[in-house]
Amino acid sequence: MEAHDLAPAALREQLDAAFDVALSQLKELPDPLERAKVAHALVGRVQDYGNEFQVVRNEAMNETLRVGQLNSTQLASELGISKGRVSQLAKGAPPERLFLGSGKVVVALAEKLEDGNDKDGKRKAIQGPVIATEDVQTYERLRDLAEEVGLEVSFERIPLGGNVRLNRNNLVVICGPRLSPLIEQILEGDPHLRFDKDDDGWYLTDRNTGQVYRSPMDRGENSDIAYFGRLPRPDGKGTFLYVAGIHARGSGGVVHWLNKELGNVHRELKARRFSTLISSRFDPKNLEIFASERITPFYRPEGA
């Protein structure tokens, strides 16, 4: 069940119950040193969650005022704070930041084994695990976008085999299904869009229309197509943002598109689940993305 399925009172009760259980279990730890260590760790976690709740509150206040649902005086009365405090809190970071995250955002990039030819044309030995240059560039563009809206971003490596820890908040994963069986299984749950593979390579299919999307790069063109979505965590307690081009260059097209559309996307989707396809074109000389567009609707899971 996603958070928007709960009535406000039920959501508060659920949070109160979770905190009560955690506090009760903490107090019952018999070893005082262990009790101190766990309590110390939880204090930090509670502060992190407190900061995220504040970001959500400030964004919701900003939106309430922006759409004219209430004026400052009325909102102050609803929240039990002063009108001056309303103005102070609502002047925070732009609301669209919440599409990317409400705290420190972690971008997970997949490692792969790289081989190829050296400058003399001789076959090189397989090197150690590396992250594709295109994925690093995509991360850098995403970091720039996140920092513009007031978010802190870091990256981590997804090791060979694709075992990434998905059950956490504020996570963006850039990793094709070829590199992660775990991601491949989650993508299979999308009833609208899917990755497939045949003798000609990987491609994307719109299950609703039957349209098959193959990468123009496979025909020698300077263009690619990428999957972009908010997918369910395995624990069922949240979601993560997911980006994957048919080729690595296509992932950069998603970020290029988000730079133009972040505000609109946030207004339409908030933190709800979705999936869509983004087409992009790049300059063959410097490999920079210069054009991008959404080529399917925002597909939503049934009932979401």
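Biologist: What makes a pair of side chains a salt bridge here?

Modeller: A salt bridge requires a side-chain nitrogen of Lys or Arg within 4 Å of a carboxyl oxygen of Asp or Glu. The model is a predicted one, and a search of the whole structure under that criterion finds 11 salt bridges.

Biologist: Why is the pair Asp 144 and Arg 143 called a salt bridge?

Modeller: The closest N and O atoms of Asp 144 and Arg 143 are 3.9 Å apart. The cut-off is 4 Å, so the pair is counted as a salt bridge.

Biologist: What makes Asp 196 buried, and how is its partner Arg 194 classed?

Modeller: Asp 196 forms a salt bridge with Arg 194, in which the closest N and O atoms are 3.0 Å apart. Buried means under 20% relative accessible area; Asp 196 has 17%, so the residue counts as buried. Arg 194 is at 29% relative accessibility and therefore counts as partly exposed.

Biologist: Why is Arg 219 called exposed?

Modeller: The term exposed applies over 50%, and Arg 219 has a relative accessible area of 55%, so the residue is exposed. The side chain of Arg 219 meets that of Glu 221 in a salt bridge, at 3.3 Å from N to O. Glu 221, at 39% relative accessibility, counts as partly exposed.

Biologist: Which residues are linked in a network of salt bridges?

Modeller: Glu 140, Arg 141 and Glu 288 are linked in such a network.

Biologist: How do you know that helix α6 is roughly parallel to helix α8?

Modeller: The axes of α6 (residues 133–148) and α8 (residues 248–269) come within 8 Å and cross at roughly 10°. Angles under 35 degrees count as roughly parallel, so α6 is roughly parallel to α8. The crossing in which α6 passes α8 is left-handed.

Biologist: Which residues make the contact of α6 with α8, and what are their classes?

Modeller: On α6, the contact is made by Glu 134, Asp 135, Gln 137, Thr 138, Arg 141, Leu 142 and Leu 145. On α8, it is made by Ala 248, Arg 249, Ser 251, Gly 252, Val 255, Leu 258, Asn 259 and Leu 262. By class, the contact of α6 with α8 has six nonpolar, five polar and four charged residues.

Biologist: Why are helices α2 and α3 called oblique to each other?

Modeller: The axes of α2 (residues 32–66) and α3 (residues 72–79) come within 10 Å and cross at roughly 140°. Roughly antiparallel applies over 145 degrees and roughly perpendicular from 65 to 115, so α2 and α3 are oblique to each other. The crossing of α2 and α3 is right-handed. The contact involves Met 61, Thr 64 and Leu 65 of α2 together with Ser 72, Leu 75 and Leu 79 of α3. These residues divide into four nonpolar, two polar and no charged.

Biologist: What is the class of Leu 15 by relative accessible area?

Modeller: Leu 15, found in helix α1 (residues 8–27), has a relative accessible area of 33% and is therefore partly exposed. The C-alpha atoms of Leu 15 and Glu 152 are separated by 26 Å, and the two residues are 137 residues apart along the chain.

Technical notes:
Residues are numbered from 1 along each chain as its sequence is written. This is a predicted model: local features need pLDDT of at least 70, side-chain atom pairs count only at pLDDT 80 or more; totals for chains, interfaces and linings use all residues. Side-chain values use heavy atoms; hydrogens and water are left out. Axes are lines fitted to C-alpha atoms, for helices over the stretch in contact, and angles run from 0 to 180 degrees between N-to-C directions. Helices (H or I, at least four residues) and strands (E, at least two) are DSSP runs, numbered from the N terminus. A crossing is left-handed if the near helix is turned anticlockwise from the far one by less than a right angle, and right-handed if clockwise. Contact means heavy atoms within 4.5 Å. Ala, Val, Leu, Ile, Met, Phe, Trp, Tyr, Cys and Pro count as nonpolar, Asp, Glu, Lys and Arg as charged, and the others, Gly among them, as polar. Buried means under 20% relative accessible area, exposed over 50%, partly exposed in between (1.4 Å probe, protein chains only).
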